[in-house]
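Subject: Handing over a structure

Dear colleague,

I am passing this structure on to you, and below it I have set out what was found. Please look through the model first and then read the notes beside it.

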Amino acid sequence: MAEEQLKADAANPAPTSAATNEPAKTPMKPNPPTLLSASAAADDGEQQTEKAVQAAAYSMRPAFGEMFPLPIVKSIMNSVMAEKLKDKTYDKDVAKTWTLEIADEVNQKIASNPKVRRYKHVVQVMLGQELGAGGFYNSRCCWDCDCDTSVSEVFTNTSIFCVCTVFGTYQY
């Protein structure tokens with residue numbers, strides 16, 4: 001390998017400076033930055049189009065416009081609860097099915113929303129009989145308070161109360 005290099009150097013000597021007998025310095029051309037690119041030839045073969053494809057960057061935090069859409073989720077929860085429970089009276093036998101229907105419909109509508117692409121969400125629904133007594137509902141979670149959030153909405157009529165909570169966590 002070294003012998004071949006010596007023969008190639010002897011055959012093509014590098015230009016030298018006449019005064020110092022040192023190899024002449026040629027200016028270095030900077031290499032242009034390389035991008036991932038895809039070239040596509042036109043149908044007639046005359047033109048080629050160059051498209052730069054950027055490498056996908058991995059984001060650890062949502063951008064400002066990509067936060068969990070609380071107003072949209074609230075309106076979904078309110079509309080589903082009002083639609084399902086508007087003229088109902090409490091019946092313990094069908095309360096379980098109402099709870100499941102509300103949770104499933106809220107889950108499907110949130111999942112179909114394009115603004116929650118990188119969020120996982122959990123829907124929790126609690127339904128009970130309205131007897132005039134007060135109640136307290138509390139929830140706790142361990143999460144990243146910069147990116148993750150929750151929202152709750154309450155529906156009441158003369159015989160039913162319903163609390164729907166959605167927890168949204170950002171997928172890293």
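Which residues does Glu153 touch, not counting residues up to four places away in sequence? They are Lys74, Met77, Asn78, Met81, Cys162, Val163 and Cys164, where contact means heavy atoms within 4.5 Å.

Before going further, please note that this is a predicted model, in which local features need pLDDT of at least 70 and side-chain atom pairs count only at pLDDT 80 or more, while totals for chains, interfaces and linings use all residues. Residues are numbered from 1 along each chain as its sequence is written, and side-chain values use heavy atoms, with hydrogens and water left out.

The protein has three helices and five strands, following the pattern α-β-β-α-α-β-β-β along the sequence; helices (H or I, at least four residues) and strands (E, at least two) are DSSP runs numbered from the N terminus. Of the 172 residues in the protein, 24% are buried, and here buried means under 20% relative accessible area, exposed over 50%, and partly exposed in between, with a 1.4 Å probe and protein chains only. Among the contacts in the protein with a separation of 6 or more, 66% come from residues 24 or more positions apart.

An open sheet of three strands has the order β3-β5-β4, with antiparallel pairing, and two strands are taken to pair if DSSP finds at least two bridges between them. Its edge strands are β3 (119–129) and β4, each of which pairs on one side only, and the twist from one strand to the next averages 15 degrees. Between the antiparallel strands β3 and β5 there are eleven bridges, and Val125 stands opposite Cys164 in β5. Helix α3 (residues 92–111) packs on the sheet, where α3 touches β3 and β5 and makes about 155 degrees with the direction of β3; axes are lines fitted to C-alpha atoms, for helices over the stretch in contact, and angles run from 0 to 180 degrees between N-to-C directions. Helix α2 (residues 70–85) lies across β3, β4 and β5, and runs at about 25 degrees to β4.

To return to Glu153, this residue is in strand β4 and is buried, because its relative accessible area is 15%. The side chains of Glu153 and Asn78 are joined by a polar contact of 3.3 Å, a term for a pair of N or O atoms within 3.5 Å; within protein, one must be able to donate a hydrogen and the other to accept it, and residues adjacent in sequence count only if both atoms are side-chain atoms.

Ser159 lies in the loop between β4 (149–156) and β5 (160–170), and Ser159 is also counted as buried, because its relative accessible area is 13%. The side chain of Ser159 reaches the backbone nitrogen of Tyr90 at 3.1 Å, and, leaving out residues up to four places away in sequence, Ser159 touches Lys88, Thr89, Tyr90, Gly128, Gln129 and Glu130.

Cys145, by contrast, is found in the loop between β3 and β4 and is exposed, because its relative accessible area is 65%. The C-alpha atoms of Cys145 and Thr169 are separated by 9.4 Å, with the two residues 24 apart along the chain.
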